[in-house]
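Please keep the sequence and the model in view while reading.

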Amino acid sequence: MPADATEAGLSPAASRPGSPVPEVESALVERWRSEGGELVDLLSQVRERCGGVAAFRLGPDPTVLVTDPEAVQHVLAHHADRYVKRSHRARLLIGDGVLAATGSAWKQQRRLLQSQFTGTGMRRYELRITGAARTTAARWADHARTGQTLDVGREMHRFALDTIWRSLTGHPLDEGTEGELAAVAAVVAALPTLPADATDARSAVAADLARIDAVARHAIEAARGGAAGPDGPGLLHVLLDAATERPAYTDRLIRDELVTLLVAGHETTATTLTWLYLLLDRYPGARAEALAAGGGDPAERRRAIQALVNEALRLYPSAWILPRHATEDDTLGGYTVAAGTDILVCPYLTHRDRELWPDPERFDPRRFTTPDGRTTHPGAYLPFGIGPRACLGLQFALREATILLEHLLPAYTLSFRSAPKTASFGITVRPGGPTPATLEPAHSGAIA
């Protein structure tokens, strides 16, 4: 039981199995409201006051925050049927795509896509990822030669969008399509501030949605006409093939899956890579250590680079918060949770739990390379979620980030002109401002 539980108005009996979830006092929530803080600020205070399974009220009914790793496992992995997704914040953008789908529809959609992101499916996309990485490396060579400032966040978005577009269509991303797909980022950025009413929300971003629909429609028509790219057919062709046997795969659902893959396939990777470069600016020794790993052995270097990515994901997980809804009464962490309760699993706070991660605010990739460097509890590290609804593209995203870094880290060092001092908590945790930087050649064995 947390030391300050009594201060929160809880009795020692609150720790007995079957007792109510510890709940913070309303004054804390009201103070947070008056200060206009981020939701994560409130959640952090709730956890500090009441522990890894705790409740707070934004309305008449309590919401339960879950950060304890065993409770995380219980909700997301062991009893996912009791704790379900009701809707997705991005539904007006992704429609009935796999991220927002539920029930039997979700199972069918996930089963179709699952094979594309494991084993043979992943090997199919290696060339496309490498092609996008080489395009980025060539662009960075121009920047380094001219001394021109670049925005690291924008560069990472360009790379990730190029990668997923090649994987979807088989074609490199052209400038015209890139310009139109800026509407995806615009809608994603607008989601946290859109009106609660679905009609009003859609109206507020109608022009951007129309641009996205036009790009999707053109891509579907081109793929249906046999327009496979230079690397062969892509994920879009898999969806079109499914439509010949499965009536559920209408043009609308194919559009929704296409946009879902665009959003999930570039936003999270781009954000992770941006944070990683900001972290390497603060901890330059981590870059040198990764490049020197194994005395230059490519396999050891790759593992060390993957550790950079893993540690960036610990600090800034792709899914920083995972909402669920209890469909039946349950006991969670020894406490009673009633059917109908809203649950917030928060990987961001679990990853910064000092009892699980010593010195949790420090960027230390050795947590993922040294024996006993990280906690082995399966609920303690979940940047892409865990359980049946864990991110489909986990391996794709890690491979994508590693390939790009294998091209760029040995070749260039970055010098940031300025760095955001805050983070923005929306669908992902994004740097709270632009990330301008200049490049300098490193002359240490870049990949050609």
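Labels and their criteria

Q: How do you know that C391 counts as partly exposed?
A: Buried means under 20% relative accessible area and exposed means over 50%, with partly exposed in between, for a 1.4 Å probe and protein chains only; because C391 has 33% relative accessibility, C391 falls into the partly exposed class. This is a predicted model, in which local features need pLDDT of at least 70 and side-chain atom pairs count only at pLDDT 80 or more, while totals for chains, interfaces and linings use all residues. Residues are numbered from 1 along each chain as its sequence is written, and side-chain values use heavy atoms, with hydrogens and water left out.

Q: How many disulfides does the rule give?
A: A disulfide is a pair of cysteine sulfur atoms within 2.5 Å, and by this rule the count is zero. For C346, the nearest cysteine sulfur belongs to C50 and is 15 Å away, and C346 is in no disulfide. C391 is in no disulfide either, its nearest cysteine sulfur, that of C346, being 17 Å away.

Q: Why is C346 called buried?
A: Its relative accessible area is 0%, and the class requires a value under 20%, so C346 is buried.

Q: In which sense does strand 3 pair with strand 9?
A: Strand 3 pairs with strand 9 (residues 342–345) in the parallel sense over four bridges, and V66 has V345 in strand 9 as its bridge partner. Strand 3 (residues 62–66) is also mostly covered, with four of its five residues buried.

Q: Why do strand 1 and strand 7 stand at the edges?
A: The open sheet of three strands has the order 1-8-7, with mixed pairing. Strand 1 (19–20) and strand 7 (330–332) each have a single partner strand, so one side of each is left without a neighbour in the sheet. Three bridges join strand 7 to strand 8 (residues 335–337), antiparallel to one another, and L332 stands opposite Y335 in strand 8.

Notes: Helices (H or I, at least four residues) and strands (E, at least two) are DSSP runs, numbered from the N terminus. Two strands pair if DSSP finds at least two bridges between them.
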